[in-house]
Amino acid sequence: MAMRLEAVSPPSRFDFIRLEGFPFVPVFILVGLVVVAVFADVLAPHDPEVGRLALRFRPPFWQAGGSAEYLLGTDHLGRDVLSRLIFGARVSMVVGFTAVLFAGTVGTGLGIVSGYLGGWVDQVIMRVTDTWLALPALTFAIFLAAIVGPSEMNIVIILGAVYWTRYARVIRGEVLSLKEREFVRLAIVAGLSKRKIMVRHILPNVINSAIVLGTLMLGVVIVTEAALSFLGVGVPPPKPAWGLMLADGKKGLMVGYWWLTVLPGTCIVLMVLSANLLGDWLRVKLDPQLRQL
Amino acid sequence: MALLEAAGVSKHFQGRRGLFRDGGVVRAVDGVSFAIDGGQTLGVVGESGCGKTTTAKLVLGLEQPTGGGIQFEGRDLRALDSAGRRHYRKSVQAVFQDPYASLNPRMRVSAIIAEPLVTGETIAPVEVRQRVLHLLDLVGLPGRSADLFPHEFSGGQRQRIAIARALSSSPKLVVLDEPVSALDVSIRAQILNLLRDLQAQLGLSYLFIAHDLAAVAHMSHTIVVMYLGKVVESGDADTIVRAPRHPYTEALFSAALPSSPDDRRDEIVLSGEVPSPLRPPSGCHFHPRCPHAMARCKAHAPALMPVEGRLVACHLYGANGNSE
Amino acid sequence: MSPPALLELENLSTHYVSARGTRVVRAVDEVSLRVDAGETLGIVGESGSGKTTLALTILRLLPTAARVTSGKLMFEGEDLLTKSDGEMRRVRGKRIAMILQDPMASLNPLFTIGDQVAEPIRVHEGASRGAAWARAGELLKAVRIPAPQTRLHQHPHEMSGGMRQRIVGAIGISCGPRLLIADEPTTSLDLTIQAQYLSLLRELQRAHGLALIFITHNLGIVARMCDRLAVMYAGRVVEAGPVRDVFKAPVHPYTRALLNSIPRMSDRCQRLTAIDGQPPDLADMPAGCAFAPRCPSVVERCRVAAPPAVTSGDGRTVRCWLAMPGAGATNGGGAA
């Protein structure tokens with residue numbers, strides 16, 4: 001019996017690049033930000049944390065009073081804005097990705113356990129999730145930050161702790177429907193233990209959803225981090241964080257020092273928008289692809 | 001001794017209790033008995049709500065009976081210890097209806113096929129590979145299929161992979177739940193032939209469930225006809241197909257459509273709908289639709305009695321004064 | 001002279017074109033058929049055979065990616081392909097009706113049965129709500145729904161699948177169409193309910209002089225219901241003719257293989273004759289006859305060029321090189 005079997009490739013996670021509508025610009029921006037974050041030491045012209053008071057409030061180079069040495073101007077302590085933005089990218093990226101990873105791991109794990117095992121395990125986890133979700137994220141984060149004190153590590157943990165519930169909810173929903181699929185039934189018939197089924201059959205089939213959710217959560221997490229920093233309970237100074245720069249810069253708005261707020265604000269917008277656009281596109285493209293398989 | 005024997009098996013589900021509903025009990029499977037011998041096929045026919053899918057789940061251990069018992073190789077399933085359960089899992093496998101949902105899209109074919117074999121055992125990878133290649137050959141797929149992923153295959157090919165998987169632990173019984181319904185007509189014969197060949201080659205027993213009566217009749221040695229959770233007729237396939245005795249079986253076979261325009265069977269068209277399993281009719285469940293219903297049928301449920309070489313549950317035959 | 005056909009398709013082709021125009025799928029490929037008044041035509045085919053696309057083409061309900069690229073579609077002497085949207089709207093439901101496989105998808109869960117059955121009557125005949133509902137009640141009685149007056153006020157989810165399918169049938173005949181196209185209407189129904197439904201369809205046909213096109217993959221239904229049959233494969237009609245003749249003496253190897261591959265209850269122990277391979281991928285068709293890769297009687301010529309449709313005097317049409325006069329091969333061999 002003649003059969004045409006080609007390609008040895010699995011349904012590659014990267015096949016989607018060939019799909020239509022691939023959001024090149026958002027991905028380019030995100031990748032660019034990662035590159036900037038990684039190579040911050042090399043790219044930044046000045047030390048972001050040390051400033052010269054004599055040079056404070058210099059405007060960006062295209063305005064009168066600006067210079068090429070401080071391309072995007074200086075802040076109230078004479079620190080180079082461009083360098084702070086570059087290092088701020090690192091902070092945002094690290095905090096953002098780590099927090100999303102943390103929230104994702106915890107949330108996906110609990111979602112799988114809750115969805116697959118059902119019964120009282122499900123009830124307990126879901127009630128905890130419900131209670132958690134009922135708390136407004138930002139307030140909760142501030143509360144936690146006030147307790148444990150602000151530091152970069154703590155912020156990651158706090159953000160992870162606040163946002164894992166979204167994952168748990170979504171992944172649990174997916175698992176509930178996956179559970180009914182015939183290949184899971186067949187795994188039970190084959191004698192696999194519940195643990196093995198969750199790891200070998202359920203997990204690989206929800207990872208794509210977890211990734212999509214991750215890109216969407218990235219934007220949310222970064223905005224929250226910026227808000228925390230803005231309110232003074234985020235990443236502590238003098239470390240440069242975009243939200244912190246916003247907070248510091250707001251005093252200068254009235255006097256016309258617009259670059260102190262607009263520039264970090266734009267960075268936040270760019271990053272969040274790119275993450276959201278990528279996440280949206282992934283959500284539309286990956287899920288129907290999955291169903292076809 | 002039969003390979004698998006079900007004696008008076010029941011599975012009752014508690015209906016949902018709501019503010020305005022009192023729940024009630026769904027008797028999905030109600031006092032069903034049958035036996036499967038080694039190397040034989042038992043076919044189960046019936047329409048929606050008859051309980052054939054639940055029966056399959058009971059045999060596979062995906063559900064536990066609420067009454068009666070199932071014995072495999074003489075041992076009751078509920079009395080099995082963990083070694084016994086493991087043995088059962090190796091001995092009884094399944095092939096389900098949807099070839100697109102039966103295979104984990106993220107696993108290679110070799111892993112999918114080997115799974116029942118390697119679960120709970122340590123077998124050298126070389127041996128596993130050999131077995132997988134042998135199984136692929138048995139089901140008519142080329143050896144290089146082993147390294148591919150399910151999405152590279154068509155529906156009929158996927159069903160072959162599912163069959164190979166079901167055979168990997170050298171089971172004695174395979175539950176086939178609508179194995180060809182989701183396949184194109186021209187592919188069905190391929191798969192049915194394959195199943196028959198495998199049965200002859202490996203001495204397999206099948207529990208064959210399908211709504212395609214002709215396919216069931218073609219494949220089965222014995223047939224069980226179910227209606228709303230109860231067995232209405234059971235016995236040798238030839239006997240039943242040639243001359244069905246229960247009015248429902250007659251209607252079912254008449255509805256099964258002729259294979260040629262000259263095949264003018266008496267068309268029996270039943271009135272009414274298939275009743276809801278939540279509110280089955282009293283007495284004989286079939287009486288509202290039965291063209292031969294008598295007064296007694298409404299009051300008393302008939303028991304299975306031997307009639308002309310098979311078992312029939314119908315007041316039309318023999319002295320049957322049993323009550324519910 | 002024979003009366004003109006009610007519906008006549010001449011070399012009709014419908015192609016799906018991908019967005020960039022690179023891939024063409026010939027879903028319906030030079031199909032010629034005819035249906036006479038009051039007649040039942042069965043269209044048999046598997047997935048990818050084009051039978052549903054054909055039904056949608058007749059009613060001009062194709063999605064935007066599909067285009068009728070050639071042929072004529074004559075209904076009661078008029079070419080439906082030349083009609084405007086507005087004119088087609090007056091045809092659909094009133095002169096040609098269609099019922100589909102999934103009754104749940106055909107009925108709107110939000111509206112009552114009465115509203116849905118009355119709708120085409122109100123649209124096409126401008127009847128008032130009261131008059132249309134009265135007609136709806138009669139229609140429900142005609143499709144043998146018990147207690148029709150109560151049912152009128154109920155919603156689709158309160159009914160069983162079989163009943164819903166009958167309601168869909170009632171909607172179909174509500175405005176007295178001359179032709180009813182039924183696309184796999186019984187596939188989702190239980191066997192005994194299917195028997196009820198088929199008997200109902202036949203009765204409606206007789207009572208209203210309806211012509212019926214019955215699209216199915218089930219040859220048993222064709223044997224019971226249809227006068228003539230057309231077998232489709234990969235978008236083409238490979239064999240057509242009176243049902244009795246085709247069943248008794250199928251000519252095309254696909255028809256023959258199909259008839260032989262179906263398990264028969266009278267014949268339990270015979271090994272089924274399977275067809276090798278699988279249905280073709282319409283986007284990637286081989287040159288020559290579409291069935292050549294799977295045909296047990298294939299010869300070189302089959303792979304080179306697709307055979308034309310040849311109609312013989314007794315109303316039979318076949319697309320097969322081996323069946324051509326002068327081909328020298330067996331003609332009309334019986335079922336193996």
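Trainee: What makes strand 9 and strand 10 of chain C a pair, and in which sense do they run, parallel or antiparallel?

Mentor: Two strands pair if DSSP finds at least two bridges between them. Strand 9 and strand 10 (residues 236–242) of chain C have six bridges, in the antiparallel sense, so they count as a pair. One bridge joins Leu229(C) to Gly241(C). Just so you know, this is a predicted model, where local features need pLDDT of at least 70, side-chain atom pairs count only at pLDDT 80 or more, and totals for chains, interfaces and linings use all residues. Residues are numbered from 1 along each chain as its sequence is written, and chains are lettered from A and ligands numbered from 1 in the order in which they are written.

Trainee: Why call it a strand at all?

Mentor: Strands are DSSP runs of E, at least two residues, numbered from the N terminus. Strand 9 of chain C covers residues 228–233.

Trainee: Which other strand pairs with strand 9 of chain C in the parallel sense?

Mentor: Strand 3 (residues 40–44) of chain C does, over four bridges. There, Gly42(C) has Leu229(C) as its bridge partner.

Terms used
Buried ≥ 20, exposed ≤ 12 C-beta atoms within 10 Å, placed from the backbone.
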